[in-house]
Amino acid sequence: MKKDILLSLIAVFSGVLLTLMIMSNSYLSTFTSALQASWLTHGIGSMVALLIWLTVKNRLGKTQKIHKIPRWSYLGGIPGAFTVLLAAITVNSPLSLSGSIVLMLTGQIVTGLLIDHMGFLGLAKRKVTLKDGITVLLLLIGSTLIILGK
């Protein structure tokens with residue numbers, strides 16, 4: 001029970017951080033360009049990630065065995081970089097912040113379902129259920145309402 005609450009709080013906190021990051025990155029892109037704002041955001045994020053990695057490596061390196069990470073998992077940064085860049089472009093357009101976020105979340109869910117269904121990246125294949133289809137349908141309807149309501 002405690003773990004479920006903690007995971008839910010982490011998910012909400014992550015959503016808030018994503019919104020704040022997109023908002024500040026798009027604000028920065030009004031002074032420069034979306035590409036320059038994206039480079040600055042990723043540069044700062046890379047430095048912080050390196051600092052965290054060095055800290056964890058020094059603390060856990062001697063006490064716990066660190067598992068080898070598959071090479072393909074490092075490719076996650078490429079779509080993330082495009083997400084930040086496209087968010088900076090679309091937030092300053094008529095689509096705005098809410099439309100950008102809802103389209104990104106819809107794309108992530110549909111991509112996740114496709115990866116699960118096909119068994120890509122070494123994952124076990126999972127059949128797409130009616131519940132998954134209804135979820136995607138409701139997301140698309142909600143996305144349409146948000147975008148057209150602007």
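Colour the chain by burial: of the 150 residues, 16% count as buried (under 20% relative accessible area; exposed is over 50%, partly exposed in between; 1.4 Å probe, protein chains only). This is a predicted model, where local features need pLDDT of at least 70, side-chain atom pairs count only at pLDDT 80 or more, and totals for chains, interfaces and linings use all residues. Numbering runs from 1 along each chain as its sequence is written, and side-chain values use heavy atoms, without hydrogens and water.

Switch to cartoon. The chain has 5 helices and 0 strands (DSSP runs: H or I of at least four residues, E of at least two, numbered from the N terminus). Its C-alpha trace spans about 55 × 45 × 30 Å along the principal axes.

Next, select H3 (77–91) and H4 (96–118). They pack at about 145 degrees, axes 8 Å apart (lines fitted to C-alpha atoms over the stretch in contact; angles run from 0 to 180 degrees between N-to-C directions). Show Thr83, Ala87, Thr90 and Val91 of H3 with Ser96, Leu97, Ser100 and Met104 of H4: these make the contact (heavy atoms within 4.5 Å).

A nonpolar patch includes Trp72, Phe82, Met118 and Leu123. Patch residues have over 30% relative accessible area and no salt bridge; nonpolar side chains (Val, Leu, Ile, Met, Phe, Trp, Tyr) are joined within 5 Å, like charges within 9 Å. A salt bridge puts a Lys or Arg side-chain nitrogen within 4 Å of an Asp or Glu carboxyl oxygen. H3 gives the patch its largest share, 4 residues.

Finish on Leu123, in the loop between H4 and H5 (130–148). Leu123 is partly exposed, at 42% relative accessible area.

Technical notes:
Accessible areas come from the Shrake-Rupley method with a 1.4 Å probe; for residues, only the protein chains shown count as cover.
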